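Notebook open, model loaded. I'm jotting down what I look up as I go.

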Amino acid sequence: GIYNITFIANDSSNNINSTQTSNFTVNVGCSYLNINTNLGSDVSSSETCFTINASNIVLDCNGYTVNYGTTSTGVGVNNTHNTNNITIKNCNIKKNGVSGGFNYGINLFQSVNGTIFNNSIMTNGSGGNSNLGIFFDLVNFTDIVNNSIITNGAGDSNYGISLYLSNAIQVLNNTIATGGVNQHGQVGISVDGSNNTNISNN
């Protein structure tokens, strides 16, 4: 983000003789996130890019690209367990390589009251299973809205959205395209052991 800093010079009588204000930009790289984060440039990681490490976090990519798994398996954005009220929005999340399986664009585990909004997600993988756009495991009361998801891979389980033991999920107005070598593993939305889920206009 952009930050302002003000320099004030005083003389020995504490009179202000000079004041100057300037601004500078701090570009965020792939890392653990403990505060609200707004991207100002594209970011890249050879494995996992962002891990949300606290509750009440907003990640706003402002249309910039999160490149993950450039040389190996990875996740675009995931979380440590029991982190709640997470928002991930306006991100282009891209698996920028074809290595391995178990590549997830967004992976949330044991989380409640989240929002996944207006993201473009692409996954890929040369082997193994589970190249998933969005994967929820034990997630409740969370919305997945207005996302564009493309999944691809050489193995099974190239799912756009996968909900596992996750309840009260709203899946609305998403565009999903799946592909891969194994046609039986191409699923737009998978729901397993999940209740009170609203899936509409996808």
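Predicted model: local features only at pLDDT ≥ 70, side-chain atom pairs only at ≥ 80, totals over all residues.

Are Cys61 and Cys91 buried or exposed? I checked, and both Cys61 and Cys91 are buried.

**Entry: disulfides**

I searched the whole structure and got 2 disulfides. Cys61 is joined to Cys91, with the sulfurs 2.0 Å apart. I looked up the torsion too: 75 degrees about the S-S bond, so I log the link of Cys61 and Cys91 as right-handed. This pair ties distant parts of the chain together, 30 residues apart. Cys61 sits in the loop between strand E7 (57–60) and strand E8 (65–68), while Cys91 sits in the loop between strand E10 (86–89) and strand E11 (92–95).

The other bond I found is Cys30 to Cys49, also with 2.0 Å between the sulfur atoms. Here I read -85 degrees about the S-S bond, a left-handed link. It, too, connects distant parts of the chain, 19 residues apart. Cys30 is in the loop between strand E2 (16–25) and strand E3 (32–33), and Cys49 is in the loop between strand E5 (43–44) and E6. Cys49 counts as buried because its relative accessibility is 4%, but Cys30 is partly exposed at 25%. Counting bonded cysteines along the chain, I get the pattern 1-2, 3-4.

**Entry: overall picture**

How many helices and strands does the protein have? I get 0 helices and 21 strands. Of the 202 residues, 40% are buried. I also looked at contacts with a separation of 6 or more: 69% of them are between residues 24 or more positions apart. The accessible surface comes to about 9,500 Å², with 45% of that belonging to carbon and sulfur atoms.

**Entry: aromatic pair**

My search of the whole structure turned up 1 aromatic pair. Tyr104 and Phe135 make it, at 5.4 Å centre to centre and 50 degrees between the planes, which is tilted. The two are 31 residues apart, with Tyr104 in strand E12 (residues 103–112) and Phe135 in strand E15 (residues 131–145). Why do I file Tyr104 as buried? Its relative accessibility is 12%, and the cut-off for buried is under 20%. Phe135 is buried as well, at 15%.

**Entry: more of E12**

I stayed on strand E12, where I also find Phe109 and Ser111. Phe109 is partly exposed, with a relative accessible area of 31%. Together with Leu138, Tyr164 and Leu165, Phe109 makes a nonpolar surface patch of about 300 Å². Ser111 is another story: I get 1% relative accessible area, so I log it as buried. Which residues does Ser111 contact, leaving aside neighbours within four places in sequence? My list has Asn79, Thr83, Asn84, Ile86, Leu138, Val139 and Asn140.

**Entry: Ile52**

Ile52 is in strand E6 (residues 50–52). It is buried, at 0% relative accessible area. Its contacts beyond four places in sequence include Leu33, Ile57, Val77, Ile86 and Ile88.

Definitions and conventions: Residues numbered from 1 in each chain as written. Heavy atoms only, no water. Phe/Tyr/Trp six-rings, centres within 6.5 Å; stacked < 30°, edge-to-face > 60°. Helix = DSSP H or I, 4+ residues; strand = E, 2+ residues; numbered from the N terminus. Buried < 20%, exposed > 50% of the residue type's maximum accessible area, 1.4 Å probe, protein only. Patch = residues over 30% accessible without salt bridge, like charges linked within 9 Å, V, L, I, M, F, W, Y side chains within 5 Å. Areas by Shrake-Rupley, 256 points an atom, 1.4 Å probe, with all protein chains shown as cover. Salt bridge = Lys/Arg side-chain N within 4 Å of Asp/Glu carboxyl O. Contact = heavy atoms within 4.5 Å. Disulfide = S-S within 2.5 Å.
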